[in-house]
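Hi,

Here is the structure I said I'd pass on. Have a look at it first, and my notes come after.

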Amino acid sequence: MKKHNIIAMALTSLMALPVIAQDSTPAVGDILQGINMFTPEEGDPAYKVKANEKYGTQWGVDMAYGLWNTEKVSDVKRHNNLALLHAQLNQRLIEDKANGGTWLRVEFSGSWGLDRESAQSDTFFTGDLSPASGLHADAMGPHEGIFPEVALMQYFAGKRACLIAGMVNLTNYFDAVSIANDSFSSFTNDGFVNSTILPLVDSNIGGILQVELNRNNYMMVAVSRTGCDSGYNPFIAHAGSTPFNSDYCDGYAVVGEYGHIFADGAATLRINPFYTSTDVDMDDGTGERRRQNAGLVASIEYTPCDPLTIYSRAGFAAKQYLSNSAEFSVGANIKLFPSREDDFLGISYGVFKGQTPCDGERAEHNREQVLEVMYSFQVNDYFKVVPHFQYIANPAYSTSSENILWGVQAVFSF
């Protein structure tokens with residue numbers, strides 16, 4: 001779960017740990033622990049191990065109620081009244097203090113409409129091509145009750161390397177900008193939660209190799225099948241497909257990440273190259289065609305002072321199908337009131353250049369612009385209220401000249 005894997009702590013504050021015994025050097029394995037684990041088992045002297053963690057059990061649950069409304073567009077649903085759930089478990093199977101051990105990772109996500117108008121469909125408000133096509137990218141959009149990840153995680157090389165294999169969810173590891181990677185407590189537009197260009201496959205068979213190069217650098221590479229539609233479990237048949245097969249496309253994706261931590265731990269640069277090779281069933285009746293694509297995405301986040309964290313993400317793809325061809329976004333989280341250090345205002349703006357569909361037809365507009373403003377009000381340690389506002393120009397590239405979304409979430413986190 002993005003919010004519970006403390007990427008923000010491990011990657012943006014790693015180098016600013018308090019001095020203990022005259023040595024503040026981060027421990028070996030801190031970067032990978034920050035990406036993969038839900039609690040800072042290593043490297044944070046102030047952290048107190050909970051009783052269940054002594055037995056290698058880590059878990060986190062987000063439950064939310066969300067009410068969303070849309071304006072300006074007459075041919076889409078006016079509102080969504082949603083119940084949302086996102087839960088994740090790390091269970092240690094074999095203890096190895098020197099190398100990190102063997103773990104089982106399980107993730108469950110879902111969103112459910114609470115009235116007839118909010119019944120689930122392929123999109124929430126707009127069209128399939130749009131970065132704004134859904135809410136809660138980390139809850140896998142409008143799909144009910146799926147397991148995005150069931151995988152084994154094996155640490156080795158003195159905690160400096162890790163292999164994750166099984167049914168993996170790449171969004172949990174790659175492009176993990178700390179303030180734009182968790183739709184339960186930050187931005188909800190798909191274009192901000194993760195890159196719209198990177199093929200971050202979820203609920204597919206694959207593997208990830210992670211290596212911590214030194215205290216400031218790490219690398220990851222993943223190979224994943226794409227033979228199951230996003231948001232569906234690959235071992236369950238759906239929409240006329242057989243298990244482990246999509247009714248639309250099949251193939252594989254390779255995604256890499258190089259991360260560099262600098263400015264005394266206050267800044268992180270991520271560079272993500274990718275390559276995809278996919279067999280696509282053409283809509284024009286010409287049969288199956290092999291499609292290949294490659295590109296590059298980069299992001300940077302920086303915390304110049306405690307009240308402010310900023311980020312920017314940009315990327316391009318060599319070919320304009322199966323993803324957007326270019327994107328740029330920038331945003332910030334700002335703590336407005338010193339007396340309420342857990343509250344923050346979030347503002348983000350993005351421009352997305354649309355894909356060319358496989359049949360060669362171009363959308364009416366090939367650029368979409370999104371502005372999102374949100375505020376996180378932390379009521380207590382477990383409950384927050386998060387109102388959101390979005391203005392979208394050329395939503396889905398062709399459906400309308402503009403759209404306005406507004407909503408509020410009540411989020412319970414454990």
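First, the ground rules. This is a predicted model, so to speak of local features we need pLDDT of at least 70, side-chain atom pairs count only at pLDDT 80 or more, and totals for chains, interfaces and linings use all residues. Residues are numbered from 1 along each chain as its sequence is written, and side-chain values use heavy atoms, with hydrogens and water left out.

Strands here are DSSP runs (E, at least two residues), numbered from the N terminus, and two of them pair if DSSP finds at least two bridges between them.

Strand 6 (residues 204-214) has partners to report. Strand 5 (residues 161-168) runs antiparallel to strand 6, and eight bridges join them; Ala161 has Val211 as its bridge partner in strand 6. Strand 7 (residues 217-225) also pairs with strand 6, again antiparallel and over eight bridges. Gln210 sits opposite Met220 of strand 7. Strands 6 and 7 make a hairpin, with two residues between them.

Ala263 is not a glycine, yet its phi is positive, about 55°. You'll find Ala263 in the loop between strand 8 (249-262) and strand 9 (267-281). Asp264 lies in the loop between strand 8 and strand 9 too, and has a positive phi of about 55° without being a glycine.

Are these two buried or exposed? Ala263 is partly exposed at 40% relative accessible area, while Asp264 is exposed at 68%. The cut-offs are under 20% for buried, over 50% for exposed and partly exposed in between (1.4 Å probe, protein chains only).

Cheers

Notes
Helices (H or I, at least four residues) and strands (E, at least two) are DSSP runs, numbered from the N terminus.
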